[in-house]
Amino acid sequence: MEEKSRIRVKLAESTLFRKISSDALDEIASIAQEKFYQTNDAIRILGEHGDSCYIVSSGAAEVFTKGREGTKFELLQMGPGDSVGEIALLTETHNLGAMTALEETTLIEIPRNGFGPILQRHPDVIDAVGKGIYQQFHRVIPAMEREVGRQFLAPYMSWLDFIIIIGLSLIVSLGFNKVNQKGISLFQQITLDEGISFVRPLEAFLKQKKGQSLFVDAMPTNFYEKEHIQGAENLPLTIFDFIYDMTLADEDKEKEIIVYGRSISRHYDEQVANKLSLRNHKNVKILKGGLSAWKKSGCPVEP
Amino acid sequence: MNRIWSFIKKIVTSEYVALVIRIYLGSIFIYASMSKVIEPAVFAENIAGYRIVPYWGLNLTAIILPWLEPICGFLLIIGLRTRATALILAGLLIVFTVFVILNILRGADINCGCLEKVGEPIGWAKVAQNTVWFIMTIMIFFFDRIFLFRRGGIFSRKKME
């Protein structure tokens, strides 16, 4: 009885039935029932046989359908007092929109089965349902227009697009590099000057202990500061001239200089060795295997 | 909570938002290329700092990459072949982000070389920025629909039949 009283109150407050007679409300409440849904519960499935009208008693629900590309688009958001499925009270139909609970929701379900006699006895109910259907269209059509306006074709894409974009970049970049005064060669090519040779780490270590050689670290300064051979001078390639004038310009040209410093991307040691050779240093050697070989041989480094 | 989520979804899937993002991202990549196109030697030095690109490919990368960026940026702005362009940029951003993360983990104190020649150190902020841009390319790929360069010009909209 309590449930029926509750249903009757909610029916009287609903947009659909608020203006019908008290007797009609009693009869509709007698065939209606409350249904409870959790968040995201499916209330109606798109395309399924529809035989009930729903009025939201509490909570919120969403009515939506699917577009051509299968994308979901929303038709209605429903709150307390709103109704959906009025047509199902009059005739057999299929659900044109699916319905999902947006939060914990209580609905009043009014089945078509048993509603026919109520319509015959209460003409004001026919009027109310007719107005409900009209208002439904009134709410849904703008939403559909809005969504249809969004259903433009996705941009076209094919493998040719990638070939053209990357191919165009190749052509333009290589062409520009050719005419650019600051252009660079396509591949790094370093030809070592005659007279530059390689020295193995242990041999270099012995020379270091005897103080026979000067060690030069050709890596960029931030790498030198992380670790370098004890006593090595940092002579980065990018600022070679500036640092050379400050540190090695007055050094004996016959003194042996061992250069190291290369990575997977750059052979700084070879380029710096060439530059030293151009500055008339006669005894330039490159540490074979670089700093990693030096460390593998157990030779000391410092930060 | 669901209404907030529904609102966020509306914004994320909006073709107008995708349009704004497309123009923004296109401008960013054109700007990013400007300093690198003129001086490939400096950009090559930036790439070398990552210690990932092999010796034989360093100069080629420094020459080609700065042109791929503005071409893709231009295509995004005018709305031509935006899906393919967005995918290419997404791929580039993944590669850049992986390079940055690897060097952060190595403790390398290097210049990013992404937008400026110097004064742009790598860090987690750069990773976050690249991630946001990557998400933008995905949004362009899925939701970009309007003011696209098709037959009929930039203002035509081809509706579904």
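Tutor: In chain B, 67% of the contacts with a separation of 6 or more are between residues 24 or more positions apart; a contact here means heavy atoms within 4.5 Å. This is a predicted model, so local features need pLDDT of at least 70 and side-chain atom pairs pLDDT 80 or more, while totals for chains, interfaces and linings use all residues. Residues are numbered from 1 along each chain as written, chains are lettered from A and ligands numbered from 1 in written order, and side-chain values use heavy atoms, leaving out hydrogens and water.

Student: How many aromatic pairs are there over all chains?

Tutor: The count is 10. Rings of Phe, Tyr and Trp (its six-membered ring) pair if their centres lie within 6.5 Å; planes under 30 degrees apart are stacked, over 60 edge-to-face, the rest tilted.

Student: So what makes the pair Y50(B) and F99(B) tilted?

Tutor: Their ring centres are 6.1 Å apart and their planes sit at 45 degrees, so tilted is the label. Y50(B) is in helix α3 (residues 40–50) of chain B and F99(B) in helix α5 (residues 82–106) of chain B, so the pair ties together parts 49 residues apart in sequence. Helices are DSSP runs (H or I, at least four residues) and strands likewise (E, at least two), numbered from the N terminus.

Student: Why does Y50(B) count as buried?

Tutor: Its relative accessibility is 7%, and buried means under 20%, exposed over 50%, partly exposed in between (1.4 Å probe, protein chains only).

Student: And what makes R83(B) sit over the face of F141(B)?

Tutor: R83(B) is 4.5 Å from the ring centre. The rule wants NZ of Lys or CZ of Arg within 6 Å of the centre and within 35 degrees of the ring normal. K288(A) does likewise over F198(A), at 5.7 Å.

Student: How do you know that W56(B) is exposed?

Tutor: W56(B) has a relative accessible area of 60%, so it's exposed. W56(B) lies in the loop between α3 and α4 (58–78) of chain B.

Student: Why is R81(B) called partly exposed?

Tutor: The relative accessible area of R81(B) is 32%, so it's partly exposed. R81(B) sits in the loop between α4 and α5 of chain B, with a positive phi near 50 degrees.
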